[in-house]
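This briefing sets out the sheet, the core and several individual residues of one protein model. Please read it alongside the sequence and the coordinates.

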Amino acid sequence: MVNSLKIGDRVKTIGGVCGFVTEINDAENTFVLEVGENSFVKFDKGAIYQTAPAEGSANAKKNDERAEGKPSVQWL
């Protein structure tokens, strides 16, 4: 699961933080999660609890949800 992580994937961490992957650093074994509009948090890959595959880009998904009146973060 961790090795197949891609930018745009939806992730839920072991701490319950949900968001979209915006950056992956294999050398540091970390990823950056967008948890709100212009809010980013860096995590160790070991913090991943659950993932859902990317459906287009994270920004495209958020824009679609905003147009439908949904929150910007998709809960898993």
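In which loop is the place of Asn 29? Asn 29 is in the loop between β2 (18-25) and β3 (30-36), where strands are DSSP runs of E with at least two residues, numbered from the N terminus. The model is predicted, so local features need pLDDT of at least 70 and side-chain atom pairs count only at pLDDT 80 or more, while totals for chains, interfaces and linings use all residues. Residues are numbered from 1 along each chain as its sequence is written, and side-chain values use heavy atoms, with hydrogens and water left out.

**Sheet**

- Five strands make up an open sheet: 5 strands in the order β4-β3-β2-β1-β5, with antiparallel pairing; two strands pair if DSSP finds at least two bridges between them.
- At the edges are β4 and β5, each of which pairs on one side only.
- From one strand to the next, the twist averages 40°, with axes taken as lines fitted to C-alpha atoms and angles running from 0 to 180 degrees between N-to-C directions.
- The antiparallel pairing of β3 and β4 extends over 6 bridges.
- Gly 36 has Ser 39, in β4, as its bridge partner.

**Aromatic pair and nonpolar core**

- The whole structure contains 1 aromatic pair, a pair being Phe, Tyr or Trp rings (for Trp, the six-membered ring) whose centres lie within 6.5 Å.
- Phe 31 and Phe 43 form this pair, which is stacked, at 5.7 Å centre to centre and 25° between the planes; planes under 30 degrees apart count as stacked, over 60 as edge-to-face and the rest as tilted.
- Phe 31 belongs to strand β3 and Phe 43 to strand β4, so the pair ties together parts that are 12 residues apart in sequence.
- Both Phe 31 and Phe 43 are buried, a class defined by under 20% relative accessible area, against over 50% for exposed and values in between for partly exposed (1.4 Å probe, protein chains only).
- The largest nonpolar core has 8 residues, namely Leu 5, Val 11, Val 21, Phe 31, Leu 33, Phe 43, Ala 47 and Ile 48; such a core is a set of buried Ala, Val, Leu, Ile, Met, Phe, Trp, Tyr and Cys residues joined through side-chain atoms within 4.5 Å.
- Beyond four places in sequence, Val 21 has contacts (heavy atoms within 4.5 Å) that include Leu 5, Val 11, Phe 31 and Leu 33.

- Lys 45 is found in the loop between β4 (39-44) and β5 (48-52).
- Lys 45 counts as buried because its relative accessibility is 6%.
- The side chains of Lys 45 and Asp 26 are joined by a polar contact of 2.4 Å, that is, a pair of N or O atoms within 3.5 Å; within protein, one must be able to donate a hydrogen and the other to accept it, and residues adjacent in sequence count only if both atoms are side-chain atoms.
- Neighbours within four places aside, Lys 45 contacts Val 2, Ile 24, Asp 26, Asn 29, Thr 30 and Phe 31.
- Thr 13, in strand β1 (residues 10-13), is buried because its relative accessible area is 3%.
- With residues up to four places away not counted, Thr 13 touches Leu 33, Phe 43, Ala 47, Ile 48 and Tyr 49.

**Positive phi in loops**

- Most residues other than glycine have a negative phi.
- Asn 29 has a positive phi, near 60°, and is partly exposed because its relative accessible area is 34%.
- Asn 38, in the loop between β3 and β4, has a positive phi near 60°.
- Asn 38 is exposed because its relative accessible area is 63%.

Methods:
Helices (H or I, at least four residues) and strands (E, at least two) are DSSP runs, numbered from the N terminus.
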